[in-house]
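Subject: Structure handover and notes

Hi there,

Here is the structure I promised to pass on. Could you load it in your viewer and keep it open while you read the notes?

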Amino acid sequence: MPYVTVRKENRASTHTYYNDWSNEHPIVFSHGWRRKLMKRVLATAVGVAACAATVMSTASGSGQVRFATFNASLNRSAAGLLVDHLSNPDVDDVFRRQIRNVAEVIQRERPDVLLINEFDFDPVAADLFRTNFLEVSQNGAEPIQFPYAFIAPSNTGIPSGKDLDNNGVVDTTPGDGTYANDSFGFGLFPGQFGMVVYSKYPIMFDEVRTFQLFKWKDMPGNLIPTPFYSPDEVDSLRLSSKGHWDVPIQIDRKTVHFLVSHPTPPVFDGPEDRNGRRNFDEIRFWADYISPGQSGYIYDDNGVYGGLTPGALFVIAGDENSDPLDGDSIPGAAQQLLDNPLVNSRVWPQSAGAVEASALQGGANLTHRSDPRFDTADFADVPGPGNLHADYVLPRKNLPIVDSGVFWPVLADPLSRLTGVFDPAWLPVGGFPISDHRSVWVDVNVPGVQ
Ligand SMILES: [Ca+2]
Ligand SMILES: [Ca+2]
Ligand SMILES: [Ca+2]
Ligand SMILES: [Ca+2]
């Protein structure tokens with residue numbers, strides 16, 4: 001059985017699934033199991049009609065659809081903590097304040113289709129974030145409803161059984177960095193730093209494809225560093241550090257494939273540059289996937305071969321951990337997408353806040369070659385890497401971009417309290433009121449959508 005559809009009236013199945021890590025198959029779910037049982041039962045009857053109305057009202061008139069990506073740093077230090085924090089929204093601590101800030105940005109940005117990176121894998125968490133935060137007004141912002149969500153297991157924190165960091169020990173005990181380094185993707189516990197997709201439009205769950213299990217060695221011309229990895233390790237390496245998902249979104253009569261991932265940072269490695277090389281190939285995956293003639297080697301978690309149907313509409317989104325010109329990724333990594341003839345990269349989202357931050361923070365920013373207005377991440381400036389253009393929303397060429405932006409207000413804007421500057425008071429959640437990343441959004445005109 002390739003996918004498990006979790007329905008709101010059947011919460012037990014989620015837990016059955018969740019406890020079965022060996023399965024490693026994706027899980028899909030929509031609508032969530034909302035609030036009280038009575039409400040759930042009633043909603044079952046009217047849910048479909050209500051969602052149709054939502055879609056109609058959102059899409060009518062303009063044909064514009066807002067796609068967004070947001071590395072929201074909703075990762076926690078131990079399994080179950082995120083669910084705990086999301087379950088008790090009224091507690092006033094740094095964790096809840098951060099989550100409320102994330103929700104407020106989303107409420108103000110108002111995306112129609114949203115990828116959140118760094119969201120610890122748990123279907124319960126994905127639903128609690130909607131119910132307890134997004135659907136509750138934050139600081140007067142209008143609540144936002146996403147009737148559809150998709151989440152799947154992440155390679156982060158799943159032990160590989162190999163000594164992937166070559167420290168002489170195969171670490172299979174969760175909770176520390178050496179365990180994380182020996183996992184299929186860096187994570188202190190299974191699912192840390194995962195991701196989730198929310199949508200106002202129906203997700204075509206039966207047609208979702210995931211590429212969690214795809215082996216790095218099966219990409220022709222891959223950059224796997226040998227002999228850093230022994231032959232038996234090469235045999236087991238997975239390409240995707242979290243997951244690569246093709247999530248088809250039904251927008252009126254059109255289907256737009258939301259292609260999401262979160263390639264590993266190109267740092268935290270050695271001269272072999274294993275993470276830089278993996279980052280490059282993780283980005284390359286989507287470049288090949290969308291290109292007829294280059295995608296034949298790809299297989300999904302159901303064993304189905306091939307890439308995107310030629311001509312199909314898509315939007316690629318995620319924290320690619322690669323600035324086109326600065327930082328530590330392999331030169332040309334981001335360009336695999338930006339310069340792809342099928343990708344619309346004519347308009348690059350930007351913000352005034354990034355320009356201001358670069359000037360105020362100095363350090364490595366002073367030597368950057370990329371224009372600071374395109375920065376989406378506020379990283380350490382001394383010694384570096386400085387602020388980078390890391391997060392992207394890239395539509396297909398024939399999806400015109402009508403507007404775009406990065407949620408990075410200037411300091412004089414009251415909303416800059418949400419993005420902030422590095423402050424040790426926020427260290428339990430990474431040092432910022434939300435995240436070291438900013439949310440990026442793009443409005444596209446979907447042809448034929450009225
Ligand atoms: Ca090791
Ligand atoms: Ca590196
Ligand atoms: Ca910085
Ligand atoms: Ca920069």
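Below are the conventions first, and then what turned up in the chain.

This is a predicted model, in which local features need pLDDT of at least 70 and side-chain atom pairs count only at pLDDT 80 or more, while totals for chains, interfaces and linings use all residues. Residues are numbered from 1 along each chain as its sequence is written, and chains are lettered from A and ligands numbered from 1 in the order in which they are written.

**Overall picture**

The protein chain has 11 helices and 13 strands; these are DSSP runs numbered from the N terminus (helices are H or I with at least four residues, strands are E with at least two). Of its 450 residues, 50% are buried. Buried here means that 20 or more other C-beta atoms lie within 10 Å of a residue's own; exposed means 12 or fewer, partly exposed is in between, and C-beta atoms are placed from the backbone. Contacts are counted when two such C-beta atoms lie within 7 Å. Among contacts with a separation of 6 or more, 71% join residues 24 or more positions apart.

**The core**

A nonpolar core is a set of buried Ala, Val, Leu, Ile, Met, Phe, Trp, Tyr and Cys residues joined through C-beta atoms within 7 Å. The largest one has 88 residues, and those with the most contacts inside it are Phe-67, Val-197, Phe-258, Val-315 and Val-393. Helix 5 (residues 123–134) gives the largest share of this core, seven residues. Another core lies apart from it and has five residues, among them Tyr-179 and Phe-186. As background, nonpolar side chains tend to be buried together in soluble globular proteins.

Val-393 touches residues from several parts of the sequence, including Phe-67, Val-315, Pro-349 and Trp-441.

**Strand 6 and Val-197**

Val-197 is in strand 6 (residues 195–199). It counts as buried because it has 24 C-beta neighbours inside 10 Å. Beyond its neighbours within four places in sequence, Val-197 is in contact with Leu-114, Leu-115, Ala-149, Phe-150, Val-247, Phe-258 and Val-260.

In strand 6, five of five residues are buried. Met-195, Val-197 and Ser-199 point one way, and Val-196 and Tyr-198 the other. Strands pair when DSSP finds at least two bridges between them. Strand 6 runs antiparallel to strand 4 (residues 113–119), with five bridges, and Asn-117 has Met-195 as its bridge partner. Strand 6 is also antiparallel to strand 5 (residues 148–151), with four bridges; there Ile-151 stands opposite Val-196.

An open sheet has the strand order 7-8-9-10-11, with mixed pairing. Its edge strands, strand 7 (209–210) and strand 11 (391–395), each pair on one side only. Strand 9 (residues 254–261) and strand 10 (residues 313–319) are parallel, with six bridges, and Phe-258 has Val-315 as its bridge partner.

Trp-245 is in strand 8 (residues 245–251). Trp-245 is buried, since 26 other C-beta atoms lie within 10 Å. Leaving aside neighbours within four places in sequence, its contacts are Ala-152, Val-208, Thr-210 and Val-260.

Helix 5 is largely enclosed by the rest of the structure, because 11 of its 12 residues are buried. The expected span of a helix is 1.5 Å times one less than its number of residues. For helix 5 that gives 16 Å, and its end C-alpha atoms are 16 Å apart, which agrees. Helix 8 (residues 274–289) has 16 residues and should span 22 Å, in agreement with the 22 Å between its end C-alpha atoms. Of those 16 residues, 15 are buried.

**Backbone details to look at**

There is a cis peptide bond from Thr-226 to Pro-227, with omega near 10 degrees; Pro-227 is in the loop between strand 7 and helix 7 (231–236). The bond from Gly-384 to Pro-385 is cis as well, with omega near 15 degrees, and Pro-385 lies in the loop between helix 10 (352–361) and strand 11.

Asn-139, which is not a glycine, has a positive phi of about 55 degrees. Asn-139 is in the loop between helix 5 and strand 5. Asp-273 has a positive phi near 55 degrees and is in the loop between strand 9 and helix 8.

Best wishes
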